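Let's go through this model label by label, holding each value up against its cut-off.

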Amino acid sequence: MKLNKLQIVLLLIAALALGFLGAYAGISLAGNDDGESNPNRQEQRLSKGSDNLPGELQKVAQAFNLVKENYIENIDDTQLVEGAIEGMLATLDDPHTSYLNLESMEEFNQQIESSFEGIGAEVSMVNGVVTIVSPIKDSPAEKAGLRPNDQVLSVDGESLEGLNLNEAVAKIRGEKGTEVTLEIVRASANESFDVVIVRDTIPVETVYSSTETVDGKTTGIIEITNFSEKTASEFEEHLTELESDGIDGLVIDVRGNPGGLLNIVEEILALFVPSDLPYIQIEDANGNVDKFHSRLDEKKEYPISVLINEGSASASEILAIALKEIGYDVIGHTSYGKGTVQTALPLGDGSSIKMTTYKWLSPKGEWINETGVEPTVEVDQPEYYYANPIVVEEEPFGLDDSNPNIENIQIMLDGLGYEPGRVDGYFNEQTETAVKEFQADNDLKVTGEVDEQTAGMIDAKVIEKIRSGEDDVQLDSALEELYK
C-alpha cells in the first residue's frame with residue numbers, strides 16, 4: 001500500500017499519544033482570503049449559502065445563525081464550527097475517529113520525524129474513561145510505572161469526566177520539565193492513587209537489539225517500541241547485523257508497542273512472509289478486499305517467535321498474527337485488539353479528520369478487532385509485575401493489621417526477594433521482619449511499619465526491577481520455545 005505523505009494511512013491504536021501524536025479539541029475552519037480570522041464573514045458565508053445546502057445541512061446553518069443571533073453571550077465562530085464537527089463525529093461512536101487541527105497536524109508531522117515532549121503514553125477512550133493503552137519505552141510514563149489499561153480519572157486535581165479524548169489529552173500534555181499529577185485507577189486496585197510525572201523529551205529510537213546465548217545457540221532479540229517513519233530501516237539494519245553475526249534464531253518483541261504507521265509494518269513483514277500468502281488484507285466500507293504480497297520466495301532459515309502482551313496494539317498485532325499464521329510461535333498475553341485503519345483526511349486548511357476507513361485482516365482473513373491476537377504459548381509475568389502502588393492514607397501499616405493494601409505490599413516484597421510469609425493481606429510477624437530487612441537495605445528508619453516513605457521506596461524498587469528485565473519469564477519462555 002503506497003501512499004503519499006498527506007494521504008498516508010495511519011494505523012493508530014485507539015488513540016492519541018500524550019506527547020506522541022499530540023491532540024487538542026476542535027478544528028479551525030474560519031479564515032479569510034488573507035488567512036486571518038473574520039467571524040462576521042464566516043457567519044455571512046453560512047447564512048448566504050444555507051439555501052444551497054442539501055437537506056439536513058440547512059438545519060446546521062440555521063442553528064449556527066440562531067445561536068449567533070440569540071445566545072446571551074458572545075460565541076466565537078470557530079468554537080461553534082468545532083462543536084458541530086465534534087458532535088457529528090461523536091455520533092459515529094468510534095474512539096479512533098477524531099479531529100487533528102492545524103496545530104495538531106503540524107506537531108504530528110514533526111513528531112513522526114523527530115523528538116517530542118510529553119509523558120509518553122498512548123491512550124484511548126474506553127467506556128467514557130481515558131485509558132492507557134501503553135506507555136512508550138523509556139518514557140516518563142513507563143518510568144513512573146503506568147501500565148496498559150490504567151484509567152486516568154483526573155489531571156492535577158481536575159476531573160476528566162465529560163471531556164472528550166482530545167480535551168483530556170490537552171490537559172495531560174506539556175513541556176519538558178513540567179510536572180503533572182494523574183489520578184489512576186488500576187483494574188486490580190480497590191481505590192485510586194496519584195502518579196506524579198515530570199514531562200520530558202520522549203525517546204525517538206524505536207528499535208533495539210541484543211543477543212542471548214542459551215544451550216550454545218545464539219538468539220537475536222529485536223524490540224520494536226512503535227512503528228514510526230524510520231522504524232523499518234532501523235529494523236532492517238539491526239536484522240542485517242544480527243544475521244551477519246550468525247544468529248540461530250530470532251525473537252521479535254512488540255510488548256507494549258501501541259502501533260503506528262501501516263506502511264512501516266508492511267515493510268517489515270515483507271522481510272518475513274513469503275509471496276504465496278498475503279502479509280495483510282485491507283477491507284473497505286463496501287467489503288472489497290485488497291491483498292498485499294511480498295516478493296519473498298521463502299521463509300527465513302532460522303526459527304522466529306514474537307512476544308506480545310495486552311499493550312501490543314494495531315501494527316504490533318498485524319505483525320504478530322501474520323507471523324503466527326505462517327507457523328511461528330507467539331508468546332505472552334493476548335493483545336489489545338484493534339483491527340481498524342485510520343486515514344488522515346485533509347480539510348483544506350492544514351487540519352484533518354482522522355477517520356476509520358478500513359478494516360485490516362490477517363493473511364488468512366481473520367479480524368481481531370476487540371478480541372486481540374491470542375498467543376500460541378500463554379505466559380504471564382511474575383505476580384509483582386501486576387501489583388498496584390501502595391496507598392498509605394493516615395496511619396502506617398503494621399503488625400496485626402489486615403488490609404488489601406497489605407496483600408499488595410506482601411506481593412511486592414516477595415518479588416523483591418524478601419519473605420513476607422504470606423500474601424493474604426494480614427500483617428504478621430514475618431511480614432514485619434521482611435519490612436525491617438527492606439528498610440535496613442534501603443537506608444530507611446527501621447520500624448517494621450510501612451509508612452509513606454517506605455511505601456514509596458517499595459514502589460520505586462519494584463518499578464526498577466521490572467524495567468531491568470531481571471525476571472522476564474515471557475522472554476525466557478520465548479527463548480526456550482524457539483528451538484523445540
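Q: Why is Glu481 called buried?
A: Its relative accessible area is 18%. Buried means under 20%, exposed over 50%, and partly exposed in between, with a 1.4 Å probe and protein chains only. So 18% puts Glu481 in the buried class.

Q: What kind of model is this, and what gets counted?
A: It's a predicted model, where local features need pLDDT of at least 70, side-chain atom pairs count only at pLDDT 80 or more, and totals for chains, interfaces and linings use all residues. Residues are numbered from 1 along each chain as its sequence is written, and side-chain values use heavy atoms, with hydrogens and water left out.

Q: How confident is the predictor, and where does pLDDT stay under 50?
A: The mean pLDDT (the predictor's confidence in each residue, from 0 to 100) is 85, and 87% of the residues reach 70 or more. Residues 1-49 are where it stays under 50. The model has 171 contacts beyond four places in sequence for that stretch, a contact being heavy atoms within 4.5 Å.

Q: What makes Glu481 and Lys484 a salt bridge?
A: A salt bridge needs a side-chain nitrogen of Lys or Arg within 4 Å of a carboxyl oxygen of Asp or Glu. The closest N and O atoms here are 3.1 Å apart, so the pair qualifies. Lys484 has a relative accessible area of 73%, so it is exposed, whereas Glu481 is buried.

Q: How many salt bridges does the structure hold, and which residues are linked in a network?
A: There are 13 salt bridges. Asp138, Glu142 and Arg467 are linked in a network of them.

Q: What does the Asp472 and Arg255 salt bridge tie together?
A: The closest N and O atoms of Asp472 and Arg255 are 2.8 Å apart. Asp472 lies in the loop between helix H12 (452-468) and helix H13 (473-482), and Arg255 in the loop between strand E14 (249-253) and strand E15 (260-261), so the bridge joins parts that are 217 residues apart in sequence. Both ends are buried, Asp472 with 10% relative accessible area and Arg255 with 15%.

Q: How do you know that the side chain of Ser154 makes a polar contact with Glu183?
A: A polar contact is a pair of N or O atoms within 3.5 Å; within protein, one must be able to donate a hydrogen and the other to accept it, and residues adjacent in sequence count only if both atoms are side-chain atoms. The two side chains come to 2.8 Å, so the pair passes. Ser154 sits in strand E7 (residues 151-155) and is buried at 8%. Beyond four places in sequence, it also touches Ser159, Leu160, Thr181 and Leu182, among others.

Q: What does the side chain of Arg186 reach, and is Arg186 buried or exposed?
A: It reaches the backbone oxygen of Gly145 at 3.1 Å, and it makes a polar contact with the side chain of Asp150 at 2.8 Å. Arg186 lies in the loop between strand E9 (179-185) and strand E10 (193-198). At 6% relative accessibility, it counts as buried. Its contacts beyond four places in sequence include Phe193, Ala387, Asn388 and Pro389.

Q: What makes helix H9 mostly covered?
A: In H9 (residues 315-325), 10 of the 11 residues are buried, among them Ile318, Leu319 and Glu325. Helices are DSSP runs of H or I with at least four residues, strands are runs of E with at least two, and both are numbered from the N terminus. Just after H9, Gly327 takes a positive phi of about 110 degrees.

Q: How many helices and strands are there, and how much of the protein is buried?
A: The protein has 13 helices and 22 strands, and 50% of its 484 residues count as buried.
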